[in-house]
Amino acid sequence: MAAEVLYQIHPDFEEVFASPSILIDALWRRGELLLGSNNNLRGEFFELLVALALYKWDVRPFYYQAKLALIPETDYDFALWTQHGPVVLSVKTSLRERVKQAALEAVALRMVHRRAECYVLTLNHDEATNAQRKVERGDLPALSAVITASTADFDVLIQRLASSNPTAAPTVPLIAHSRSVVT
Amino acid sequence: MSQFETLVPDISAIQASRPSQLTRALWSLSGGETQVGNTRGHILLICMISALAREQIGPFYVNCGVKGVPTHSWDLVFTSPEGRVIAVSANVTLKERWKNENLAAWALKKVLPQSSAYIVLHNEDEATNIGKKIVRGEAASIDGRAQIFSPDFDQFLAILKSERLAARDDLVDRGDNQAGLGPVAF
């Protein structure tokens with residue numbers, strides 16, 4: 001359904017946007033009337049826009065709705081694998097209490113991957129500003145940043161992610177080494 | 001709290017042979033069912049603390065986190081002399097926040113592996129559903145759940161009563177504004 005809305009408002013995949021944030025802003029404005037008040041649909045549509053921005057600005061490969069090994073019952077909206085480990089993006093049209101969920105997911109990820117980066121992307125600038133203050137104060141220590149996707153901060157993030165040369169996530173043996181195997 | 005004391009001036013006067021009967025009576029006396037939002041949550045927590053007081057279970061901390069597990073705070077945190085934590089979330093309703101509780105419990109056990117985490121709920125359907133999720137492994141980091149008016153709650157308090165508890169301020173994070181309370185002992 002969200003994909004149908006995206007196709008309706010953005011039938012020409014080759015349409016050029018000046019920056020990722022302009023893509024998000026322009027397509028969200030176009031789609032908003034069709035989305036109505038269905039929060040699930042709005043959330044899914046926002047995810048598609050982020051996916052589109054990642055794709056168009058060569059932040060690839062990326063994993064969508066990714067469950068990471070060793071981390072229980074958590075689907076990260078987007079995950080990338082870089083030379084420093086995973087980068088996850090939590091995508092939420094508005095934050096409210098859900099920033100706590102993203103922060104906990106980031107805590108869990110960083111307990112397994114110490115150098116992981118965890119970003120929250122939202123469309124509500126006021127909420128993002130407040131949450132980012134908490135990140136800077138150290139109240140949400142596992143989060144790297146909370147970013148409004150329709151602002152230049154998102155462009156900076158996309159540029160940085162593209163330059164980190166994401167790769168397919170490696171497959172790691174569960175037993176790294178042993179002297180012998182007794183069966 | 002002062003309002004609660006007005007409504008329930010003498011907890012010891014309430015006839016209740018089991019903790020779950022006491023919590024049910026307190027919830028009813030304090031109008032828990034007719035309240036809304038946070039007030040219901042506060043009443044639920046007071047009901048639970050009253051049951052702990054009646055059973056002489058403690059010490060414990062209120063609205064505290066655990067050092068090394070950032071971002072999350074539990075309604076009640078019990079600590080043992082050996083450094084174990086028993087973390088309890090008491091909620092009228094959890095909805096999707098059971099996922100947060102499960103993740104926080106998982107993180108807690110990464111930091112203090114012998115620790116455990118429990119959920120106490122008012123909503124019966126949710127208590128049943130979370131019980132199923134625990135069994136199915138979807139909420140595998142949660143050690144148990146209890147509906148606050150049910151025999152499950154009595155069993156849960158029996159578990160707590162059987163634990164060797166001691167104040168361990170070094171394990172507890174009271175938050176930035178030192179808003180967490182405790183250790184509370186009876």
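1. Helices here are DSSP runs of H or I with at least four residues, numbered from the N terminus. On that basis A:Thr183 sits in the segment that follows helix H6 (152-163) of chain A. The model is predicted.

2. Is A:Thr183 buried or exposed? A:Thr183 is exposed, because it has 2 C-beta neighbours inside 10 Å, and a residue counts as exposed at 12 or fewer. A:Pro173 is 10 residues away along the chain, and the two C-alpha atoms are 18 Å apart.

3. Now the contact between the chains. Chain A puts in 15 residues and chain B puts in 15 residues. On the chain A side that touches chain B, 9 residues are nonpolar, 2 are polar and 4 are charged.

4. Next, strand S3 of chain B, residues 85-91. S3(B) is mostly covered, with 7 of its 7 residues buried. In a regular strand, side chains alternate between the two faces of the sheet. Which residues of S3(B) lie on each side? B:Val85, B:Ala87, B:Ser89 and B:Asn91 are on one side, and B:Ile86, B:Val88 and B:Ala90 are on the other. Both faces are covered.

5. Strand S2 (residues 69-79) of chain B runs antiparallel to S3(B), and 4 bridges join them. One bridge pairs B:Leu76 with B:Val88 of S3(B). The two strands form a hairpin with 5 residues between them. In the turn, B:Gly83 has a positive phi of about 95 degrees.

6. S3(B) also pairs with strand S4 (residues 116-121) of chain B, in the parallel sense, over 6 bridges. B:Asn91 has B:Leu121 of S4(B) as its bridge partner. From S3(B) the chain passes through helix H4 (residues 98-111) of chain B to reach S4(B). This β-α-β crossover is right-handed.

7. In soluble globular proteins, nonpolar side chains tend to be buried together. In this model the largest nonpolar core has 105 residues. A:Val50, B:Val77, B:Leu108 and B:Val120 have the most contacts inside this core. Helix H4 (residues 98-112) of chain A gives the most to this core, with 8 residues. Domain 1 (2-54) and domain 2 (60-184) of chain B both give residues to this core, so it lies between them.

8. What does B:Val77 touch, leaving out residues up to four places away in sequence? The partners of B:Val77 are B:Phe60, B:Tyr61, B:Cys64, B:Val66, B:Val85, B:Ala87 and B:Val172. Among them, B:Val85 and B:Ala87 are buried and lie on one side of S3(B).

Conventions: Residues numbered from 1 in each chain as written. Chains lettered and ligands numbered in written order. Predicted model: local features only at pLDDT ≥ 70, side-chain atom pairs only at ≥ 80, totals over all residues. Buried ≥ 20, exposed ≤ 12 C-beta atoms within 10 Å, placed from the backbone. Contact = placed C-beta atoms within 7 Å. Nonpolar A, V, L, I, M, F, W, Y, C, P; charged D, E, K, R; others polar. Pairing = 2+ DSSP bridges. Right-handed = clockwise from strand over helix to strand, strands pointing away. Core = buried A, V, L, I, M, F, W, Y, C linked by C-beta atoms within 7 Å. Domains from an automatic or database assignment.
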